[in-house]
Amino acid sequence: VSEKDPPDVLNKKKCLDYLAALRHAKWFQARANGLQSCVIIIRVLRDLCQRVPTWGRLPGWAMELLVEKVISSATGPLSPGEAMRRVLECISTGILLPDGPALMDPCEKEPTDALENMKPQARQDITASAQHALRLLAFRQIHKVLGMESLPTSKASARNRKRRRDVSDTGEGEGEGKKDKKDDA
């Protein structure tokens, strides 16, 4: 015989969700908050999730886990630009895809994939979008990914840009001196 809960009893599912949110916040404070560039990249990706509907389907907790894992696996501290590139590279490889490795939630006792509620199409769309964003980054068009105007290029930065060397740029005989020394040895 089951008794009916009194009216002042809290919803069990909501309580469990809030407890999970508390565990996530504690984990974030312990792991991600101290990592250089981690919070910045999470803010950039949250903005991307709000602006671009494709990215809006990425769960916030899964995104935070992914960013922390990518940045903490680097051999040293990363600048925000390097960290963003590394996160986009990771997503571009297909880590979110259904047949890829799961993104395990470290705050749960039972093995739980933080991406379990994502539909396969959303996973593919985000992977393709990350690949496109990575191409934009490679061609100095990060402003399109960030949803902002292109910054004006100063004359100093234009002069310091590397350019391809033409055959006509090399003087005759350049580089041959070292070759002769090596041959003599």
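User: How far apart are the closest N and O atoms of the salt bridge that Arg51 forms with Asp47?

Analyst: This is a predicted model, in which local features need pLDDT of at least 70 and side-chain atom pairs count only at pLDDT 80 or more, while totals for chains, interfaces and linings use all residues. Residues are numbered from 1 along each chain as its sequence is written, and side-chain values use heavy atoms, with hydrogens and water left out. Arg51 and Asp47 both lie in helix H2, four residues apart, or about one turn of the helix (helices, of H or I and at least four residues, and strands, of E and at least two, are DSSP runs numbered from the N terminus). A salt bridge requires a side-chain nitrogen of Lys or Arg within 4 Å of a carboxyl oxygen of Asp or Glu, and for Arg51 and Asp47 the closest N and O atoms are separated by 2.8 Å.

User: Which helix gives the most residues to the lining of the largest pocket?

Analyst: A pocket is an open set of points on a 1 Å grid over the protein atoms alone, where a 1.4 Å probe fits and protein lies on both sides within 12 Å along at least five of seven lines; lining residues have an atom within 4 Å of a point. Among the 16 lining residues, the closest to the centre are Asp17, Ala20, His24, Asp105 and Glu108. His24 is placed in helix H1, and with seven lining residues the largest contribution comes from helix H1.

User: Which side chain makes a polar contact of 3.3 Å with that of His24?

Analyst: A polar contact is a pair of N or O atoms within 3.5 Å; within protein, one must be able to donate a hydrogen and the other to accept it, and residues adjacent in sequence count only if both atoms are side-chain atoms. His24 counts as buried because its relative accessibility is 17%. The side chain of Asp105 makes a polar contact of 3.0 Å with that of Trp61, and the partner of His24 at 3.3 Å is likewise Trp61.

Conventions. Buried < 20%, exposed > 50% of the residue type's maximum accessible area, 1.4 Å probe, protein only.
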